[in-house]
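Please keep the sequence and the structure in view while reading.

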Amino acid sequence: MFGKSAKSEALAGEITDYTAIQGRSLMHDARERFLRNKAAMACVIALGLIAVFVVFGPLVAQWSNEEIDWTAMGDVAVLGKPSISSGHFFGTDDLGRDLYSRTIQATRTSLLVGLIGASMALIVGTSYGVISGYYGGRLDNVMMRIVDILMAIPTTLVIILILVIAGRSFIALFIALGAVSWLTMSRIVRAQTMALKGREFIEAARASGVSETMIIIRHILPNLIGVVIVYASLLVPEMILAESFISFLGLGISEPQTSLGRLIAEGAGTMGYGTLWQLAYPLTFYVSIIITMFFIGDGLRDALDPKDR
Amino acid sequence: MLTYTIRRLLVAIPTILLLIVASFFLMHAAPGGPFTSERPLPPAVLANIESRYGLDQPLLKQLWDYLMNILLRFDFGPSFKFKDRDVNDIIAQGFPISLTYGTLSFLAASFVGITLGIIAAIRHNSWIDYFAVSVGIAAQALPNFIMGPILILTFTLWLQLLPGGGWNGGQWQYLIMPVIALSTSYMGNIARITRSSMLEVLNSNFIRTARAKGLPERQVIWRHAMKPTLLPVISYLGPVFVYVLTGSVFVDLYFSTGGLGQSYVNSALTRDYAVLLGVTILYGTLTVFVNMITDLAYAWFDPKIRY
């Protein structure tokens, strides 16, 4: 019926049972949509470059972040200028510390804060929301009233409160960020779970005798992934913002640790003395991180949002 | 509507009570107090001080006294650091200042944001639309603590037009930069929300009908499109109020306006729990009430919601 050729033989050989029935999953669709989104992809690359800089930047640094360049410290406005020859690529700060190393350190802190804050929201918020939404009834009522009350307190104040009480360390900071970030996530997850709960495939699973825990793990959670990813990605810049705000006030993590908010505060404090680079470099990194994160979050929302399909 | 209002009030009151109780216990769970210093006080002196502030009482009794003082007399107790000032004095001194520029920022953000968003939507794809969109994006990356230094750099150090800080009884020169720093980011967000909401409304069926029956465009927008456009904006105004409150902490500190934020940060640094607790409760209560008002406004505005 068909003519035979080497090419068709080769093609036929490639079609197996596996490739033939492979459909296009929602995730596959979403990935493709995301890859086509030029702004989001450009931001992924830019963020990747920043991450590479944070990881490999210290290799070319001439000064560590704690060393004090005593000569530069004498006349920061002149000797502390950004230059290749002195080894201070981004100049020095007011105390003669190398701003290049400090910026890397601060950027790392901010990225970590964003990631850890968002993942804490992801873990706590998702489990809380799923339990509340799936079991419903009085439990749901109590759990959501608790969320309502916690949401009534301004988040920044909560973080400041926790940092004051638990001391200004990394762990306290992460606990504080985790404590405030899961609230909205739990609400979103709960709403989504309640919508899923009434669907036929859950009924079917229940009718065939699947246990409640298994239903949650196998049927509810995978269907939540889209919403959760989108919201978590939008949380990352929010967490970075909150942390920078608190660091700017001087209530964040303490020296020798630093974060972009702290560096911006220091730069802003000395900008009257002609050492503008102390503000410019941290600010540039900060603004590029926030903007790229928002575009990536936006792109993920466009790619995964069920409304768009 | 009335029953809904009453129901919301009934939820708000226990929320505030719980807020007070929770923050009270949180403060007292903290290791070390305002009187722990590097040079420990003699036990007799410490006991004396503690009895003066009632810290030697059982915790529940302290809580009860604290609650009763707030509820019956709006009295947040004495400050632990300042011997001659109590928390009420500190709030009375700082809060009016924070409230003044906070309200101004809130109004500026809402008014300019909504106007910009609406014009951008009406003149879709024009230069003003692109301007509004870019302001919306920039707003994400320019929160108050970034705007503050940038403003001082431009207007104080470079152009030398405005004073770099201070309050001076709320003269307008001293108000401009705090208000701009505090409102820009939310202005951008409000413009973005208004624009996308207006675009959606303008594409809906009832607007087409209104145009089809020959209404002038001005009336279509004012009478028909405005109300549904503002719905999502209203629900964002509650959060904006909260952001302005917390943002005022930054403004007070950076522009030295002498508002409540300065006392708040100082009390956090010196562990003056009485002030910290008082301000947290004040801000929390305000937040609860503003959220309630936005919900009520939403219910009043939205014909689809009837309680």
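## The contact between the chains

In this predicted model, the contact draws 30 residues from chain B and 26 residues from chain A. On the side of chain B that touches chain A, the elements giving two or more residues are α1 (2–29), α5 (127–141), α6 (144–158), α9 (217–254), α10 (260–270) and α11 (273–301) of chain B. The most is given by α11(B), which puts 7 residues into that side.

Sorted by class, the side of chain B that touches chain A holds 22 nonpolar, 7 polar and 1 charged residues.

## The largest nonpolar core

The largest nonpolar core has 140 residues, and those that touch the most other members are A:Ile159, A:Ile160, A:Leu177, A:Leu249, A:Ile264 and B:Phe250. When its neighbours within four places in sequence are left aside, A:Ile159 is in contact with A:Ala176, A:Leu177, A:Val180, A:Ala242 and A:Ile246.

## The build of chain B

Chain B has 11 helices and 0 strands, and its C-alpha atoms fill a box of roughly 85 × 55 × 30 Å along the principal axes. Of the 307 residues in chain B, 37% are buried, and among the contacts in chain B with a separation of 6 or more, 74% join residues 24 or more positions apart.

Helix α3 (residues 59–73) of chain B has 15 residues and reaches 21 Å from its first C-alpha to its last, close to the 21 Å expected at 1.5 Å a residue. Just after α3(B), B:Phe74 takes a positive phi of about 50°.

Conventions:
Residues numbered from 1 in each chain as written. Chains lettered and ligands numbered in written order. Predicted model: local features only at pLDDT ≥ 70, side-chain atom pairs only at ≥ 80, totals over all residues. Contact = placed C-beta atoms within 7 Å. Helix = DSSP H or I, 4+ residues; strand = E, 2+ residues; numbered from the N terminus. Nonpolar A, V, L, I, M, F, W, Y, C, P; charged D, E, K, R; others polar. Core = buried A, V, L, I, M, F, W, Y, C linked by C-beta atoms within 7 Å. Buried ≥ 20, exposed ≤ 12 C-beta atoms within 10 Å, placed from the backbone. Expected span 1.5 Å × (residues − 1).
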